[in-house]
Amino acid sequence: MSNGAALLYVEDDRFLAKLVQHRLTGDGHRVVVAGTGIQALEMAAAQSFDLLLVDYHLPDMTGVEIIAALRAAGNQVPV
């Protein structure tokens, strides 16, 4: 078990998502990737994360909309 953080990374570019996930996992963090805003909201509701990394431009909503929806639901995880 690692001492790293649990991260939700919201990114629709699969190459970039894999690259960042590989790097952060190699540093001991647990990284879950969501490719859309809807997936991110579902994952954030189902799991606990220490940090959210959110792309601004996604196919279904902006990063700002995702953060607003999370805050409205009471999720105060750092972004």
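I am working with a predicted model, where local features need pLDDT of at least 70, side-chain atom pairs count only at pLDDT 80 or more, and totals for chains, interfaces and linings use all residues. Residues are numbered from 1 along each chain as its sequence is written, and side-chain values use heavy atoms, with hydrogens and water left out.

**Salt bridge.** I looked for salt bridges (a side-chain nitrogen of Lys or Arg within 4 Å of a carboxyl oxygen of Asp or Glu) and found one in the structure. It joins the side chains of Asp27 and Arg23, at 3.7 Å from N to O. I checked exposure next (buried is under 20% relative accessible area, exposed over 50%, partly exposed in between, with a 1.4 Å probe and protein chains only). Arg23 is exposed at 55%, while Asp27 is partly exposed at 43%.

**Leu19.** I found this residue in helix α1, residues 14-26 (helices are DSSP runs of H or I, at least four residues, numbered from the N terminus). Leu19 is partly exposed, with 48% relative accessibility.

**Asn75.** Where does Asn75 lie? I placed it in the segment after α3 (63-72). Asn75 is buried, at 15% relative accessible area. Leaving aside neighbours within four places in sequence, Asn75 is in contact (heavy atoms within 4.5 Å) with Ala44 and Leu70.

**Pocket lining.** I noted that α1 gives the largest share of the lining of the largest pocket, four residues.

How values were computed. Helix = DSSP H or I, 4+ residues; strand = E, 2+ residues; numbered from the N terminus.
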